[in-house]
Protein chains: 2
Amino acid sequence: MASITNFFDGEKKTMEHHPALASLNQEPDLLKTVLNKEGFRFTSQRQKILDLFQATPLGHHLNAEEIHQQLLDQGEKISFSTIYRALHVMVRLGLLQELELAEGRKYYELNTPFMEQHHHLVCVHCGEVLEFEDTKMTQVGHGESATRGFSLLNCQFTVYGICPSCQSLLG
Amino acid sequence: MASITNFFDGEKKTMEHHPALASLNQEPDLLKTVLNKEGFRFTSQRQKILDLFQATPLGHHLNAEEIHQQLLDQGEKISFSTIYRALHVMVRLGLLQELELAEGRKYYELNTPFMEQHHHLVCVHCGEVLEFEDTKMTQVGHGESATRGFSLLNCQFTVYGICPSCQSLLG
DNA sequence: ATGAATAGCGAAAATGATTTTCAATAACCC
DNA sequence: GGGTTATTGAAAATCATTTTCGCTATTCAT
Ligand SMILES: [Mn+2]
Ligand SMILES: [Mn+2]
Ligand SMILES: [Zn+2]
Ligand SMILES: [Zn+2]
């Protein structure tokens, strides 16, 4: 079965804080280390995609299309197949989070430490996305999965509504 | 922009308890009333789809494919375009909830009164879905959308993990 | 370093859920 | 009943994502 959170269920990183994340900025070839540890190879394409996420403002979420376009804009040509493959690998390694915000496409952002997990408020009209934190969410997620004996991978709380400016537009 | 929760943002029912839901079973042609009130027409196809949801055990979620198959099984031929159109209309009327449980397809279930809103725990390996209730979720959803001036349509809390039996299978 | 083994790349084709098109039909309203 | 038009089914179109395949680049042992 395909999955929202990974493509190789058996060995997915759990919802812990990935030790790589803290130092991804400092260590220049940490990506190589993380990849090789799991048998993946380091490539310039993967580095460029990760760099792009690190250059993306907090609270912004990227999809494959945007990644492709932004890399084009900075003169890097890369194929969609490579982008999709890199995204899967980086989700699998716990470097990225995959999000189902709305409409038929997936969005990605740098993964954040477990206790700083955040959630999303989406305007279904204009697509604006606001982030918020609430530890009650993660507590409930932990509690429920523990109760049922599930090993927790990820919780997503998504609130859909209409933002103030769209409300006035729509009367 | 397309939307998880509806296809015609401006007039979507809000997250209140839809008055139709309580009595959908009793009133035989309540569906007609609800449809006509919004300018839609009553059709036997829409009735059959709603009937199917009412005959579906609680906690089970249907996608377009399953709806098509189940209707075929009971001798009803219906096209996918009609199924998709009916699902959109019924979400729009607040009769159904649209869910993003996992993998690239949408699931539907009868909409439930606001305060009985439930959430989902999904095994990413076998696809099993468990439901749970927690009023903290809806409170946080209300609170966040109020704070930001959003009009709330819907909240979904989805917890992804691996169920006990898949854990033992996977070692 | 060098070379063998193979993971990863790009381009193009394939997939698969959903949407759209369009002519025929059936609901609605007078 | 009859005109208007929303809805239907079948087929074609969309569109994000995945797969295929021949070629290249990374890894790792020599
Ligand atoms: Mn985010
Ligand atoms: Mn449910
Ligand atoms: Zn908006
Ligand atoms: Zn399972």
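I started with the zinc ion (ligand 4): its four donor atoms subtend angles of 103 to 114°, which makes the arrangement tetrahedral. My cut-off for tetrahedral is four donors with all angles between 85 and 135 degrees. For reference, the ideal angle for four tetrahedral donors is 109.5 degrees.

This is a predicted model, where local features need pLDDT of at least 70, side-chain atom pairs count only at pLDDT 80 or more, and totals for chains, interfaces and linings use all residues. Residues are numbered from 1 along each chain as its sequence is written, chains are lettered from A and ligands numbered from 1 in the order written, and side-chain values use heavy atoms, leaving out hydrogens and water.

Next I looked up who holds ligand 4: C123(B), C126(B), C163(B) and C166(B), each through SG, at 2.2 to 2.3 Å. Donors here are N, O and S atoms within 2.8 Å of the metal (3.2 Å for Na, K and Ca); water is not among the atoms, so sites may look incomplete. The spacing reads C-x2-C-x36-C-x2-C. C123(B) sits in strand β3 (residues 118-123) of chain B and C166(B) in helix α7 (residues 164-169) of chain B, so the pair ties together parts 43 residues apart in sequence. Helices (H or I, at least four residues) and strands (E, at least two) are DSSP runs, numbered from the N terminus.

Then I turned to the zinc ion (ligand 3). Its protein donors are the SG atoms of C123(A), C126(A), C163(A) and C166(A), 2.2 to 2.3 Å away.

Last, I checked burial (under 20% relative accessible area, 1.4 Å probe, protein chains only). C123(A) is buried at 0% relative accessibility, and C166(A) is buried at 3%.

Notes
Buried < 20%, exposed > 50% of the residue type's maximum accessible area, 1.4 Å probe, protein only. Tetrahedral: all angles 85-135°; square planar, octahedral: opposite > 155°, others 65-115°.
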